[in-house]
Amino acid sequence: MDAKTLGLKSIGKVYHNLGFDELFAHEANNAEGRVSQNGTMMVDTGKFTGRSPKDKYFVHQLPSFKNIAWGKVNVAMAPEVFDELHAEVLEYLDGKDLYVTDGFSGANEKTRKSVRFVTEFAWQAHFVKNMFIRPGTKDMAAFAPNFTVYNASNLVNKNWEKHGLNSEVFVAFNVEKNVAIIGGTWYGGEMKKGIFTMMNYWLPLQGILSMHCSANVGKAGDVALFFGLSGTGKTTLSTDASRKLIGDDEHGWDDDGIFNFEGGCYAKCINLSADSEPEIFGAIRRDALLENVVANDDGIIDFDDRSKTENTRVSYPIEHIDNHEPTLKAGHPKNIIFLTCDAFGVLPPVSKLTKEQAMYYFLSGYTAKVAGTERGVTEPSATFSACFGEAFLPLHPTVYAKLLGEKLEKHGVNAYLVNTGWAGGGYGVGKRMSIKATRACINAILDGSIEKADFDQTRWFRLNIPKALPGVDSNLLNPRNAWANAVEFDKTAHKLAGMFIENFKKYMKDGDDFDFTQAGPLV
């Protein structure tokens, strides 16, 4: 590979599409990380142990600026600023030894995107090799990138104030030039979520729904999707010994069915154990890559140690999960499950949603953080993230919700809301839903037995709830019955319903035919 191919004036050595063993040797020789006791490479990502969302930008230019939902999530960068930073990135990388890694995003060959990553460090090449779909020999020979990411993580923008940016860090996307540039942060997740963001731009414009969810498939070919923000149990509940994992985080839904965007998984490691999550624990072995974990001098990892970060991570090829679907594809989903951890304790453990309610709760993307995490915080805090992934949506959230509604109706898909949070009272008063009870709800959805139940409707949220379900205390199924004080329940439910209504106001624009407020709660 020559310099011109990479857009550079000159290059040192180019390590193009190295294998896992070669990358491991480079990581060791370059002293980029340490090896754990079981042979897994461990690296640190510096002061950035998570994404830097306030430093993400899109170039404001024709014609793409008409499509992008500009605001706090999608911040505009002037074309001349991007061009200046792009030139600085290329100058910084010029003459250096570089790792170039090619991969696909999207398991459906008809719509997949080919992506090239240019990085300075072997571990960054290792990360993207884990996370993206690895081209075969035939694909490699004809590989031509649709999009290129230049990662100059050691380069900072000294002129950030002059450029009107947030800090010296930049993660910038030029949709028209099909280029992204990264500077000032080492965090590997910027590359993963950067391409996910671009897939969320490209695919919906083709009528394909892109989703921040996990997916698995049963022996009968029945597909289930699991949506949920951090702490809702998405990873745990979608990992099922009786069902094959399609993917754990990013998927598309087209006319053929569901397909994974990725070729690997990126799992949280904090408090990980072989008992709690055996599949993920077992995936941590050679070819996996650990980020920011704490290990002693003998390389023994303490997964409970959060002294570096709460966001300790491991990336690994999906082949490390024995019970995975090798094609990374399956048919249309039978069931969609929205997971929420309601720390207010007023949402039922399981509710069956109408199409309109599914669109409403998809747009709301609700979960709650518990009290006590910060001094002075005495009650739960509601979190709303559109489509359960607002940080990665370049288009307006209603674009994705409308696509969801169309596909639910066309394919006759069932949708459910499952609360993995509190019952019998809010955080500090009630109790967290047991995994056993939540699993019973999920199993009833997946085996179809919930469809045979008789249903009631709750007062405040107007949710359809089963009167009885095997393995679940009937007092839990209607959350009001689980509270000792029904008046306090009504007061809390009224408060949370008001938060939903206030959050949803931004989707109620004059002249917009999308108004599903009647599918939401009442006050």
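A crossing of two helices is left-handed if the near helix is turned anticlockwise from the far one by less than a right angle, and right-handed if clockwise. The model shown is predicted, so local features need pLDDT of at least 70 and side-chain atom pairs count only at pLDDT 80 or more, whereas totals for chains, interfaces and linings use all residues. Residues are numbered from 1 along each chain as its sequence is written, and side-chain values use heavy atoms, with hydrogens and water left out.

**Figure 1. Helix 3 against helix 6.** Helix 3 (residues 122-131) passes helix 6 in a right-handed crossing. Helices (H or I, at least four residues) and strands (E, at least two) are DSSP runs, numbered from the N terminus. The two helices pack at an angle of about 40 degrees, with their axes 9 Å apart; axes are lines fitted to C-alpha atoms, for helices over the stretch in contact, and angles run from 0 to 180 degrees between N-to-C directions. Helix 3 is therefore oblique to helix 6, given that angles under 35 degrees count as roughly parallel, over 145 as roughly antiparallel, 65 to 115 as roughly perpendicular and the rest as oblique. On the helix 3 side, Gln124, Phe127, Val128 and Met131 meet Gly189, Met191 and Lys192 of helix 6, where contact means heavy atoms within 4.5 Å. By class, the residues of this contact are four nonpolar, two polar and one charged. Here Ala, Val, Leu, Ile, Met, Phe, Trp, Tyr, Cys and Pro count as nonpolar, Asp, Glu, Lys and Arg as charged, and the others, Gly among them, as polar.

Figure 2. The axes of helix 1 (residues 20-29) and helix 3 come within 9 Å and cross at roughly 150 degrees. That angle makes helix 1 roughly antiparallel to helix 3. Helix 1 passes helix 3 in a left-handed crossing. Phe20, Leu23, His26 and Glu27 of helix 1 form the contact with Ala122, Trp123, Ala125, His126, Lys129 and Asn130 of helix 3. These residues divide into five nonpolar, three polar and two charged. Ten of the ten residues of helix 3 are buried, so this helix is largely enclosed by the rest of the structure. Buried means under 20% relative accessible area, exposed over 50%, and partly exposed in between (1.4 Å probe, protein chains only). Among the buried residues of helix 3 are Lys129, His126 and Trp123.

Figure 3. Helix 9 (residues 355-364) and helix 14 (residues 486-504) have axes that come within 10 Å and cross at roughly 85 degrees. The two helices are therefore roughly perpendicular to each other. Tyr360, Tyr361, Leu363 and Ser364 in helix 9 meet Phe500, Ile501, Asn503 and Phe504 in helix 14. Tyr507 lies in the segment after helix 14 and counts as buried at 3% relative accessibility.

Figure 4. A nonpolar core is a set of buried Ala, Val, Leu, Ile, Met, Phe, Trp, Tyr and Cys residues joined through side-chain atoms within 4.5 Å. The largest such core has 117 residues, and those with the most contacts inside it are Leu225, Phe338 and Phe461. Helix 6 (residues 189-202) supplies the largest share of this core, seven residues. Apart from it lies another core, of 24 residues, which includes Val81, Val89, Val100 and Ala152. Not counting residues up to four places away in sequence, Leu225 touches several residues, including Met211, Trp253, Ile258, Pro333 and Ile337.

Figure 5. A cis peptide bond joins Leu62 and Pro63, with omega about -5 degrees. Pro63 lies in the loop between strand 4 (56-59) and strand 5 (75-77). Asn17, in the loop between strand 1 (14-16) and helix 1, has phi near 55 degrees, a positive value in a residue other than glycine. Asn17 is buried, with a relative accessible area of 17%. Leu328 is found in the loop between strand 18 (313-317) and strand 19 (329-330). Phi of Leu328 is near 60 degrees, a positive value in a residue other than glycine, and Leu328 is buried, with a relative accessible area of 8%.
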